[in-house]
Amino acid sequence: MNGVIGVVSKSAQIRSIQVAKTSNSVSYCFYIVNIITSSMRVYTNLILPNWEILVIINLVMGIAANIAVCATIHSYRTEQ
């Protein structure tokens, strides 16, 4: 359930950037940290002998959503 909430909130962030037509007030930092920590959690789950597919899917969905936000930030960044 948390994965779905996270993806919806990232979608709202993307939509907000698109409506504003600028991402100058949005930082990459939070999203990059989330990508790194979620990637490490995927790795640590996969090396366990009894990992669960739903946990991995949830984490990968979050990683993809964070990458989408970073791509949106990058594409709507303007020169200051």
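Trainee: How many disulfides does the structure hold?

Mentor: The structure holds 0 disulfides, a disulfide being a pair of cysteine sulfur atoms within 2.5 Å. This is a predicted model, in which local features need pLDDT of at least 70 and side-chain atom pairs count only at pLDDT 80 or more, while totals for chains, interfaces and linings use all residues. Residues are numbered from 1 along each chain as its sequence is written, and side-chain values use heavy atoms, with hydrogens and water left out.

Trainee: Why is Cys70 called buried?

Mentor: Cys70 has a relative accessibility of 10%. Buried means under 20% relative accessible area, exposed means over 50%, and partly exposed lies in between, with a 1.4 Å probe and protein chains only. Cys70 therefore counts as buried.

Trainee: What makes up the secondary structure of the protein?

Mentor: There are 3 helices and 0 strands, and from the N terminus on the elements run α-α-α. Helices (H or I, at least four residues) and strands (E, at least two) are DSSP runs, numbered from the N terminus. The C-alpha trace spans about 50 × 20 × 15 Å along its principal axes.

Trainee: Which residues form the largest nonpolar core?

Mentor: This core has 12 residues, among them Ile14, Ile17, Val26, Tyr31, Cys70 and Ile73. α1, α2 and α3 each supply at least two of its residues, and the largest share, 6 residues, comes from α3. A nonpolar core is a set of buried Ala, Val, Leu, Ile, Met, Phe, Trp, Tyr and Cys residues joined through side-chain atoms within 4.5 Å.

Trainee: What is Ile73 in contact with?

Mentor: Leaving aside neighbours within four places in sequence, Ile73 is in contact (heavy atoms within 4.5 Å) with Ile17, Ser23, Val26, Ser27, Tyr28 and Tyr31.

Trainee: Is Asn66 buried or exposed?

Mentor: Asn66, in helix α3, has a relative accessibility of 2% and so counts as buried. Not counting residues up to four places away in sequence, Asn66 touches Lys10, Tyr31, Asn34 and Ile35.

Trainee: What makes the nonpolar surface patch?

Mentor: The patch, of about 1100 Å², includes Val4, Val8, Tyr43, Leu48 and Trp51. Patches are made of residues with over 30% relative accessible area and no salt bridge; like charges are joined within 9 Å, and nonpolar side chains (Val, Leu, Ile, Met, Phe, Trp, Tyr) within 5 Å. A salt bridge is a side-chain nitrogen of Lys or Arg within 4 Å of a carboxyl oxygen of Asp or Glu. Areas come from the Shrake-Rupley method with a 1.4 Å probe, and for residues only the protein chains shown count as cover. α3 gives the most to the patch, with 4 residues.

Trainee: Why is Leu48 called partly exposed?

Mentor: Leu48 lies in the loop between α2 and α3. Its relative accessible area is 42%, so Leu48 is partly exposed.

Trainee: Is Lys21 buried or exposed?

Mentor: Lys21, in the loop between α1 and α2, has a relative accessibility of 62% and therefore counts as exposed. Its phi is near 60 degrees, a positive value in a residue other than glycine.
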